[in-house]
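Visitor: I would like to learn how to read a structure like this one. Where do we begin?

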Amino acid sequence: MWLEITDKLVTNYAPWCPACQQIEATWESFAKESERLGITVGKVDVTQEPGLSGRFFVTTLPTIYHANDGVFRRYRGSRTLEDLQGYILERKWEAVEPVAGWKSPSSIMMHGMAGLFHFSGWIRQIHNYLTGTLGVHVWISYAIFILATLLIGLLLGLILVLISDCLCPAKSKYTAETPEEAITKENAENAALEEPEEAAELSADDAEEAADVKDLSDGEDAANSSADESEEDLALGKESGEEEMEDLSEQPLAESETESTVRQRKSQGAEKEL
């Protein structure tokens, strides 16, 4: 595997890429000078090696990487033969910042990316086989891939649920109770049942006290009303006595007035006779 070589310069290309075609002759000449330069020169066809293109996360073509003792650097200089040779002979690569650890082709993340790219290439091959060799319509091929994706997703979800249940089983709701827990639970239930009875007894006692207070207040009101009635009767009797005295005092005056009028009439009649 070329990743095991200590010093190497590799380019990622595609046959249909115009820029790759322009540097093809230069790259061949640079490869011939590799023994003199003490470096191994290689190239990767991304259409044939999707896994490697995913490991280097190739987004533009051509992409040139330099590898030295497991440290990767991306070559961004001129693509002439002189500049490529000077990059190695003058050790210009030492001034170039290495690729970040998580983006390095040897990292675990880039291994996973390589697997995804390889899987995409495998899907492309199956699609070409269905449409080219078997003559299946393109949309039918797409429908097959969609159904396969759904089924695989359901299967993976089921597997994850089973694994999670095995690793973290759910606790049973009905666990065996110890005698102490059963006694504590029974005491709590009894206390919960006694509380309403105590509340009912307290409410009955309160009602009785309220009735006694009401009876006492009614008795006081009755006594007060009887006293008020006796006072009113005395007042009425006093007023009636005063009225009787006034009537008696007025009666003699009326009799004396009638006697005087009789006398006057008798005197007037005697005068007329004379």
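Guide: We begin with a pair of helices: α2 and α5 cross in a right-handed way. A crossing is right-handed if the near helix is turned clockwise from the far one by less than a right angle, and left-handed if anticlockwise. Helices (H or I, at least four residues) and strands (E, at least two) are DSSP runs, numbered from the N terminus. This is a predicted model, in which local features need pLDDT of at least 70 and side-chain atom pairs 80 or more, while totals for chains, interfaces and linings use all residues. Residues are numbered from 1 along each chain as its sequence is written, and side-chain values use heavy atoms, without hydrogens and water.

Visitor: At what angle do α2 and α5 pack?

Guide: Axes are lines fitted to C-alpha atoms, for helices over the stretch in contact, and angles run from 0 to 180 degrees between N-to-C directions. For α2 (residues 24-32) and α5 (residues 81-89) the angle is about 40 degrees, and the axes are 9 Å apart. The two helices are therefore oblique to each other; angles under 35 degrees count as roughly parallel, over 145 as roughly antiparallel, 65 to 115 as roughly perpendicular and the rest as oblique.

Visitor: Which residues of α2 and α5 meet?

Guide: Contact means heavy atoms within 4.5 Å. From α2 come T26, W27, S29 and F30, and from α5 come L81, L84, Q85 and I88. They divide into 5 nonpolar, 3 polar and no charged. Ala, Val, Leu, Ile, Met, Phe, Trp, Tyr, Cys and Pro count as nonpolar, Asp, Glu, Lys and Arg as charged, and the others, Gly among them, as polar.

Visitor: What is the order of the strands in the sheet?

Guide: Two strands pair if DSSP finds at least two bridges between them. The open sheet has 4 strands in the order β2-β1-β3-β4, with mixed pairing. Strand β1 (residues 7-13) runs parallel to β2 and is joined to β2 by 6 bridges. Helix α2 lies across β1, β2 and β3 (63-68), and α5 lies across β1, β3 and β4.

Visitor: How do α6 and α7 pack?

Guide: Helix α6 (residues 108-133) and helix α7 (residues 138-167) pack at about 140 degrees, with axes 9 Å apart. They are therefore oblique to each other. Their crossing is right-handed.
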